[in-house]
Every structure is written in structure tokens, then in C-alpha cells.
Amino acid sequence: MNIGQAAKISGVNAKLIRHYESIGIIPKASRSDAGYRTYSEADVHILSFVKRARSLGFSMKEIKKLVSLWRNKSRASSEVKSLALKHVEEMEKKIFELQEMVKTLKNLSKNCHGDHRPDCPILDSLSIS
């Protein structure tokens with residue numbers, strides 16, 4: 001199938017397909033006699049895998065590793081689990097940091113009068129080095 005068809009089936013746009021190919025996430029596409037990229041069902045399956053991994057927040061480096069592990073049927077599942085749990089830890093850290101930011105902004109907003117006066121603890125807090 002051509003790149004447009006692969007994009008439609010996988011849900012990954014053609015520009016990203018070319019990018020994933022250029023960075024080695026998916027194998028180089030074969031070419032038709034006219035020089036157009038052609039993709040197999042297996043290629044589309046990998047693209048769908050990548051799309052799902054992206055939706056779970058994995059980095060491109062992690063996705064490259066996951067694709068490699070997925071394609072290697074002799075791999076140990078412990079390596080996959082380890083990678084996933086590391087990703088969970090990173091996400092939990094980000095969630096904590098976001099919650100702290102929300103707490104700080106709520107507190108600053110609570111202490112801001114929000115009236116015609118220029119005094120604003122939000123701006124005062126942002127101006128502290």
C-alpha cells in the first residue's frame with residue numbers, strides 16, 4: 001500500500017511516517033518501480049503500535065526500544081516490564097510536580113484581591129529570583 005493508505009489505516013500522518021522511518025522507528029519502506037514508498041500490513045501494524053505507545057506518553061527513544069522488544073520474540077518480558085515501570089515512575093513524578101504547581105497557583109490566586117488595586121501576590125511571586 002502507499003503512504004496515504006498506510007497513514008489512513010494506522011492513524012499516523014504521512015509526515016510522521018516518513019519521520020519514523022528516518023529515525024529508524026520503522027524499517028525503511030520498500031519502493032515501487034516509480035520510486036514511491038510501499039508499506040506492508042506489518043509496517044502498518046508497527047505504526048499503530050507506535051501511535052498507541054505515543055498516546056501512553058513514551059518517548060521516541062523508549063518507543064524504539066519497545067518496537068525492538070516487540071519484534072524480538074525471544075526477549076524476556078522482564079525487560080519490557082522494567083521499561084514500563086520506569087515510565088510510570090517518571091509520569092508519577094510529573095504528576096506530583098504538576099499538583100504542586102496547581103497548589104501554589106491556587107494559593108497565590110486566593111491571596112490576590114482581583115480588584116482595581118495594582119497589588120498582586122501572583123506577580124510578586126513570579127518576580128522573585
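What pattern does the protein follow when read along the sequence? In this predicted model, the order is α-α-β-β-α-α-α-α, made up of six helices and two strands. The radius of gyration is 23 Å, well over the 14 Å that the globule rule gives for 129 residues, so the protein is more spread out than a compact globule. Along the principal axes, the C-alpha atoms fill a box of roughly 70 × 40 × 25 Å.

Of the 129 residues, 22% count as buried. Among contacts with a separation of 6 or more, 43% are made by residues 24 or more positions apart. The accessible surface is about 9,500 Å², and carbon and sulfur atoms account for 57% of that area. As for charge, the protein carries 23 positive and 14 negative side chains, with the centres of the two sets 6 Å apart.

The count of aromatic pairs comes to one. Its rings, those of Phe 49 and Trp 70, have centres 4.3 Å apart and planes at 15°; the pair is therefore stacked, since planes under 30 degrees apart count as stacked. Phe 49 belongs to helix α3 (residues 41–55) and Trp 70 to helix α4 (residues 60–71), so the pair ties together parts that are 21 residues apart in sequence. The table gives the accessibility of the two partners.

| Residue | Relative accessible area | Class |
|---|---|---|
| Phe 49 | 23% | partly exposed |
| Trp 70 | 22% | partly exposed |

Phe 49 at 23% is not counted as buried but as partly exposed, because buried means under 20% relative accessible area. Trp 70, at 22%, is likewise partly exposed.

Key. Residues numbered from 1 in each chain as written. Predicted model: local features only at pLDDT ≥ 70, side-chain atom pairs only at ≥ 80, totals over all residues. Heavy atoms only, no water. Helix = DSSP H or I, 4+ residues; strand = E, 2+ residues; numbered from the N terminus. Rg over C-alpha atoms; globule rule 2.2 N^0.38 Å. Buried < 20%, exposed > 50% of the residue type's maximum accessible area, 1.4 Å probe, protein only. Contact = heavy atoms within 4.5 Å. Areas by Shrake-Rupley, 256 points an atom, 1.4 Å probe, with all protein chains shown as cover. Lys, Arg positive; Asp, Glu negative; His and termini not counted. Charge placed at Lys NZ, Arg CZ, Asp CG, Glu CD. Phe/Tyr/Trp six-rings, centres within 6.5 Å; stacked < 30°, edge-to-face > 60°.
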